[in-house]
Amino acid sequence: MNEQPTTQGTQSSVVARYRRYLRLQRNYSPNTLEAYMRDVDKLLQFLRQEKVNPIEAQLDDLRHFAAALYDLGIGARSQCRILSGVRSFYRYLLTDGYIDNDPTELLESPQLGAHLPEVLSTEEVDQIESAIDLSKWEGHRNRAIIETLFSCGLRVSELVNLKLSDLYLDERFLRVMGKGSKERLVPMSPRVIDELGFWFQYRQAMDIKPGEEDYVFLNRRGAHLTRTMILIMVKRLGSEAGITKTISPHTFRHSFATALLEGGADLRAIQAMLGHESIATTEIYTHIDMASLRREIEEHHPRNITSKISNTDE
């Protein structure tokens, strides 16, 4: 078993090793890495005030920490994220031999209500694409962006970093480098290939900045787009198309998954297409599909139809 971090200096050493573990073994992005480290820092500050050694912390100590988060007015979703970071830290301590038992095993997170993301129907996506002004070069780019988001279910970060070298148009699939630098292959529909083809006719005439030549989607200055640019563009296009739902680039990813599920795709296949590490993340789409199924049953089930007829006769 490793030395116990009884002093501030030793604790710093353990935290530094944990950071290195997240960066090298878990391969987390800089943003994710910093978020995990902030969670650990919150815990260590609390335990320091309580005069509790992190290595010797028990379940009750961690429950008191969770209660303190609530008392500070931190929302349930943020509490869940922080406690997830704490669990990750103690799993590392267990794996690396600092502790013999994980005190977070029975640590509960606040209950969150089921959040069903907003989704667009295929007709609504078509409505957005039809409203795009194709008399301007960026119209073809924007239409290709919308179709890529909807047909391939990409995260916005994956979209802005998509490279020409990631496209295999003859084989009709693209390669995505997702979270944690995990690579996946996503099939491309004939529709998205067509829209990209129209965009490429304009792209090849652009003056592209050095170092940006391989990015699929570019701005008018010849540099790749940012997440914020895509967000602003999507919201504007939705408004111009008369879509009243609150949408973002991620809405098209939800819509992609929901359309697959409603079309009969296996949940494991959808998980692979989305690049979800856990099937539990993908299972939220079963709730959306069940809501749709409930509406269909209420509308078309013979018992409901009979009931409607009876009410009309009255």
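Modeller: In α11 (residues 267–274), R268 and A272 are exposed, whereas L267, I270, Q271, M273 and L274 are buried. Buried means under 20% relative accessible area, exposed over 50%, and partly exposed in between (1.4 Å probe, protein chains only). Helices (H or I, at least four residues) and strands (E, at least two) are DSSP runs, numbered from the N terminus. This is a predicted model, in which local features need pLDDT of at least 70 and side-chain atom pairs count only at pLDDT 80 or more, while totals for chains, interfaces and linings use all residues. Residues are numbered from 1 along each chain as its sequence is written, and side-chain values use heavy atoms, with hydrogens and water left out.

Colleague: Where do the buried residues of α11 lie when one looks down its axis?

Modeller: An α-helix has 3.6 residues a turn, so residues three or four places apart point the same way. The buried residues of α11 fall within an arc of 165°, so they line one face; the arc is that of the directions from the helix axis to the C-beta atoms. After α11 comes G275, with a positive phi near 75°.

Colleague: Which residues of α5 are buried?

Modeller: They are E124, V125, I128 and E129. The face turned away from them carries the exposed E123 and S130. The cover over the buried residues of α5 includes α6, α8, α9 and α10 (249–262).

Colleague: How many residues does the largest nonpolar core have?

Modeller: A nonpolar core is a set of buried Ala, Val, Leu, Ile, Met, Phe, Trp, Tyr and Cys residues joined through side-chain atoms within 4.5 Å. The largest here has 40 residues, and L174, L196, F217, I230 and F252 have the most contacts inside it. Elements giving two or more residues to this core include α5 (122–130), α8 (190–203) and β2 (173–177). The largest share, six residues, comes from α6. Beyond its neighbours within four places in sequence, L196 is in contact (heavy atoms within 4.5 Å) with A144, T148, L167, M188, V216 and F217. Another core, of 31 residues, lies apart and has L43, A57, L93 and L107 among its members.

Colleague: In what order do the strands of the open sheet lie?

Modeller: Two strands pair if DSSP finds at least two bridges between them. The order is β1-β2-β3, with antiparallel pairing. β1 (167–168) and β3 (183–187) are the edge strands, each pairing on one side only. β1 is joined to β2 by two bridges, and L167 has L174 as its bridge partner in β2. In the loop between these two strands is R172, whose positive phi is near 60° although the residue is not glycine.

Colleague: How many aromatic pairs are counted?

Modeller: Rings of Phe, Tyr and Trp (its six-membered ring) pair if their centres lie within 6.5 Å; planes under 30 degrees apart count as stacked, over 60 as edge-to-face and the rest as tilted. The count is ten pairs. Y92 and Y98 have ring centres 6.3 Å apart and planes at 45°, so this pair is tilted.
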